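Let's look at a protein model together, one question at a time. Have the picture ready beside you as we go.

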Amino acid sequence: MSDPARPKTGSVESFPAPALSTAVSDELARILELLDREFPQAVEIGFTFAGKLQVHIDVRSLEEVTVLDAKLPSMGGGLFSDVRYGGTPGHAFLHRVSALVAR
């Protein structure tokens with residue numbers, strides 16, 4: 001029987017490092033690049049996720065809202081749907097266009 005007060009000899013291996021995946025970040029970056037290229041006048045482009053991925057594009061003029069409303073549904077092979085628009089929270093002079101992202 002071994003003595004519990006005596007230190008045991010041997011080696012301890014560390015857990016393997018988890019594989020880091022950037023697939024989600026990479027896909028969001030591709031979508032953002034597509035939108036930046038198509039709408040360089042956008043003040044800000046961002047994403048939210050609450051069960052569904054949504055993109056929010058903030059612009060200064062109603063004319064830009066009209067352009068976004070017309071272009072988004074046909075971009076990326078139907079990547080964007082359910083386009084809607086309204087005010088930008090906390091920014092009285094900006095307009096927000098939001099859409100669901102099919103990813």
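This is a predicted model: local features need pLDDT of at least 70, side-chain atom pairs count only at pLDDT 80 or more; totals for chains, interfaces and linings use all residues.

Reader: How far apart are the end C-alpha atoms of helix 1?
Author: Helices (H or I, at least four residues) and strands (E, at least two) are DSSP runs, numbered from the N terminus. The expected span of a helix is 1.5 Å times one less than its number of residues. The 16 residues of helix 1 (residues 23–38) should therefore span 22 Å, and this agrees with the distance between the end C-alpha atoms, 23 Å.

Reader: Within what arc do the buried residues of helix 1 fall?
Author: Buried means under 20% relative accessible area, exposed over 50%, and partly exposed in between (1.4 Å probe, protein chains only). In helix 1, Glu27, Ile31 and Leu35 are buried. They line one face of the helix, because, seen down its axis (using directions from the axis to the C-beta atoms), the buried residues fall within an arc of 75°.

Reader: Which strands stand at the edges of the sheet?
Author: Two strands pair if DSSP finds at least two bridges between them. Four strands form an open, antiparallel sheet in the order 1-2-4-3. One side of each edge strand is left without a neighbour in the sheet, because each has a single partner strand; these are strand 1 and strand 3.

Reader: How many residues of strand 2 are buried?
Author: In a regular strand the side chains alternate between the two faces of the sheet. Here Leu53, Val55, Ile57 and Val59 point one way from strand 2, while Gln54, His56 and Asp58 point the other way, and all are buried. Strand 2 is thus mostly covered, and its buried residues number seven of seven.

Reader: With which side chain does the side chain of Ser98 make a polar contact?
Author: Ser98 lies in strand 4 and counts as buried because its relative accessibility is 7%. A polar contact is a pair of N or O atoms within 3.5 Å; within protein, one must be able to donate a hydrogen and the other to accept it, and residues adjacent in sequence count only if both atoms are side-chain atoms. At 2.6 Å, the partner of the Ser98 side chain is that of His56.

Notes. Residues are numbered from 1 along each chain as its sequence is written. Side-chain values use heavy atoms; hydrogens and water are left out.
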